[in-house]
Amino acid sequence: MRAMIDVVALGELLIDFAAKSTDSAGYPTMAANPGGAPGNFLAALNAYGRKTAFLGKVGNDAFGNLLLGTLNAAGIETKGILVDDSVFTTLAFVTFDESGDRSFSFARKPGADTQLRWEEVDKSLIDEAKVFHFGTYAKERGKLITFDPNLRPPLWRSPDDAREQMLWGLGQADVVKISDNEVEFLWNCTPEEGADKLLTEFGVSLAMVTLGPDGCLLKTRTAAFRAACPKVHPVDTTGAGDIFGGSAMARLLELDKPVSALTEDDLKYIGSFAAAAASLSTEHSGGIPSIREKDAVLKAMG
């Protein structure tokens, strides 16, 4: 009998092409990496001792097969990933400006990851899991729901569309990982005010706000902790937020207690590890390939 699944995620699975150099005419030379926030999230969970499964869709093409191989190698259960002959695996192109900030372009009209239909979803994986990232089906069955809004403006028709869908998602979730930039986009307020909004207005049990190089803020209705990041030399921030989320969930599952019962020490246990894991990942390219071993993360925490 195989081990119980800790976390199942539903969402996008794609190839990230990151610009490595630019020629004299401005055209980039790109390097391909496995991408998609839920895959990065699950791979971090697997790296830190948890059993996970993915629900999604790829095209029946070279990149789809590469993605399946990468997830299998990471230990993620892939039986819930459908391979579709009629659509192509989604491609994302990431370019950087002079200050290292990213911009995204997507080849996705439509991409395979957007074509998964509810009747195609392997719901037995949701039933088997302790945590679902993300959906309402699982909530009805008493699962812990986690959500990361993961704002990518080019994927939305307008900022208002993005805001509406992000707010809907926040209203479904028990545990939310959100960035300071996303808090500003939604409410134009501080990270602390954003965490309080999530707890009081959206019914979230644990709010985790990432603050880039300044660490993170974790808050429940009864406890709060602000974790710092170790000093690193970042080369690629792709996937760092997802790796933070997966690392945090791995530590939360280790504690094996209700979210409402988390103490300040528990939040420190979760947040310090997640901040270190995410920081170390930025010293390497890509999402899944940049996840560091647990011993390296513990050492970086000091």
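Glu120 is partly exposed in the predicted model, with a relative accessible area of 22%. A salt bridge connects Glu120 to Lys57, with the closest N and O atoms 3.1 Å apart. Because Lys57 lies in strand β4 (residues 52–59) and Glu120 in the loop between β7 (102–107) and α3, the pair ties together parts that are 63 residues apart in sequence. Lys57 itself is buried, its relative accessible area being 1%.

A further salt bridge is formed by the side chains of Arg108 and Asp113, at 2.3 Å from N to O. Asp113 is buried, at 10% relative accessible area, whereas Arg108 is partly exposed, at 21%. Through shared partners, salt bridges join Lys57, Asp84, Arg117, Glu119 and Glu120 into one network.

In total, 15 salt bridges are counted. One of them pairs Lys130 with Asp6, the closest N and O atoms being 3.2 Å apart. Lys130 is located in the loop between α3 (123–128) and β8 (131–133), and Asp6 in the segment before β1 (7–10), so that distant parts of the chain, 124 residues apart, are linked. Asp6 is buried, with 6% relative accessible area, while Lys130 is partly exposed, with 40% relative accessibility.

Helix α6 (residues 180–187) contains the buried residues Glu182, Val183, Leu186 and Trp187. These residues lie on the same side of α6, because they cover an arc of only 105° around the axis. Their cover includes α5 (159–172), β10 (175–179), α7 (191–201) and β11 (206–210). Just after α6, Asn188 adopts a positive phi of about 55°.

Technical notes:
Residues numbered from 1 in each chain as written. Predicted model: local features only at pLDDT ≥ 70, side-chain atom pairs only at ≥ 80, totals over all residues. Heavy atoms only, no water. Buried < 20%, exposed > 50% of the residue type's maximum accessible area, 1.4 Å probe, protein only. Helix = DSSP H or I, 4+ residues; strand = E, 2+ residues; numbered from the N terminus. Arc of directions from axis to C-beta. Contact = heavy atoms within 4.5 Å. Salt bridge = Lys/Arg side-chain N within 4 Å of Asp/Glu carboxyl O.
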